[in-house]
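Visitor: I have the sequence and the coordinates open. Could you walk me through the fold with a few questions and answers?

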Amino acid sequence: MSESSVILIGMPGAGKSTTGVLLAKRLAKAFIDTDILIQQQVDMTLQDYLNQHGYMALRELEADVLTSASLENAVVATGGSAVYSDSAMRRLATLGPRVFLDLKLSSMQARIHNQATRGLASQPGATLETIFAERLPLYRQYADITVAADSGTAEEVVQAIVDRLSAGGSV
């Protein structure tokens with residue numbers, strides 16, 4: 001089994017954490033949720049940090065965690081705003097393939113009901129539509145592999161990832 005990691009990127013609500021846990025079990029790797037690493041570092045929720053320091057500070061903190069944390073030999077679920085940091089995305093690429101869990105806007109809207117408390121690192125007043133439009137080109141830019149995240153169960157998404165990793169020899 002390869003020592004490389006699998007990095008999950010995607011929109012809020014794409015299922016990075018849910019899929020990540022299942023994928024980690026399937027690949028016999030550790031699971032790391034970088035949102036949790038951030039919360040542990042600052043001893044508060046993402047939303048509380050966002051409220052106190054603003055969205056740019058949260059993005060900077062996320063970039064710091066992504067460039068410095070030990071993320072080897074793991075399935076890593078990144079925060080939705082990870083793609084705003086080129087240095088973080090370059091570092092993640094050295095660890096393993098970046099898998100974009102592609103989600104349609106309509107699916108994102110159906111899944112996100114707590115935008116005001118979710119800790120989304122976006123400009124005040126940003127809608128899910130504006131977040132989607134702003135981030136989609138970045139996810140596509142950084143993706144090594146793209147898998148539809150809204151066309152089946154979490155297990156089916158995991159299988160699609162495993163199939164794509166096996167085809168590329170990255171597992």
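Guide: Let us begin with strand 4 (residues 98–102), which is mostly covered, four of its five residues being buried. Buried means under 20% relative accessible area, exposed over 50% and partly exposed in between, with a 1.4 Å probe and protein chains only. Helices (H or I, at least four residues) and strands (E, at least two) are DSSP runs, numbered from the N terminus. This is a predicted model, in which local features need pLDDT of at least 70 and side-chain atom pairs count only at pLDDT 80 or more, while totals for chains, interfaces and linings use all residues. Residues are numbered from 1 along each chain as its sequence is written, and side-chain values use heavy atoms, with hydrogens and water left out.

Visitor: Which residue of strand 4 stands opposite Gly10?

Guide: Strand 1 (residues 6–10) pairs with strand 4 in the parallel sense over four bridges; two strands pair if DSSP finds at least two bridges between them. Opposite Gly10 stands Leu101.

Visitor: And which residue in strand 5 is the bridge partner of Asp102?

Guide: Strand 5 (residues 145–148) also pairs with strand 4 in the parallel sense, over four bridges. The bridge partner of Asp102 is Ala148.

Visitor: What is the order of the strands in the open sheet?

Guide: The open sheet has five strands with parallel pairing. Its edge strands, each pairing on one side only, are strand 2 (30–33) and strand 5. The order is 2-3-1-4-5.

Visitor: Which strands does helix 2 lie across?

Guide: Helix 2 (residues 34–42) runs at about 60 degrees to strand 2. Axes are lines fitted to C-alpha atoms, for helices over the stretch in contact, and angles run from 0 to 180 degrees between N-to-C directions. Helix 2 lies across strand 2 and strand 3 (74–77).

Visitor: How are helix 3 and helix 4 oriented to each other?

Guide: The axes of helix 3 (residues 46–53) and helix 4 (residues 55–68) come within 7 Å and cross at roughly 125 degrees. Angles under 35 degrees count as roughly parallel, over 145 as roughly antiparallel, 65 to 115 as roughly perpendicular and the rest as oblique. The two helices, helix 3 and helix 4, are therefore oblique.

Visitor: How many salt bridges does a search of the whole structure find?

Guide: A salt bridge is a side-chain nitrogen of Lys or Arg within 4 Å of a carboxyl oxygen of Asp or Glu. One of them joins Arg91 and Glu72 (3.5 Å, N to O). For the whole structure, the search finds five.

Visitor: How many residues apart in sequence are the parts tied together by Arg98 and Asp144?

Guide: Arg98 and Asp144 form a salt bridge, with their closest N and O atoms 3.1 Å apart. Arg98 is buried, at a relative accessible area of 10%, whereas Asp144 is partly exposed at 43%. Arg98 lies in strand 4 and Asp144 in the loop between helix 7 (128–142) and strand 5, so the parts tied together are apart in sequence by 46 residues.

Visitor: Last one: is Lys104 buried or exposed?

Guide: Lys104 forms a salt bridge with Asp150, their closest N and O atoms being 3.7 Å apart. In the chain, Lys104 is in the loop between strand 4 and helix 6 (105–111), and Asp150 is in the loop between strand 5 and helix 8 (154–168). With a relative accessible area of 52%, Lys104 is exposed.

Definitions and conventions: Contact means heavy atoms within 4.5 Å.
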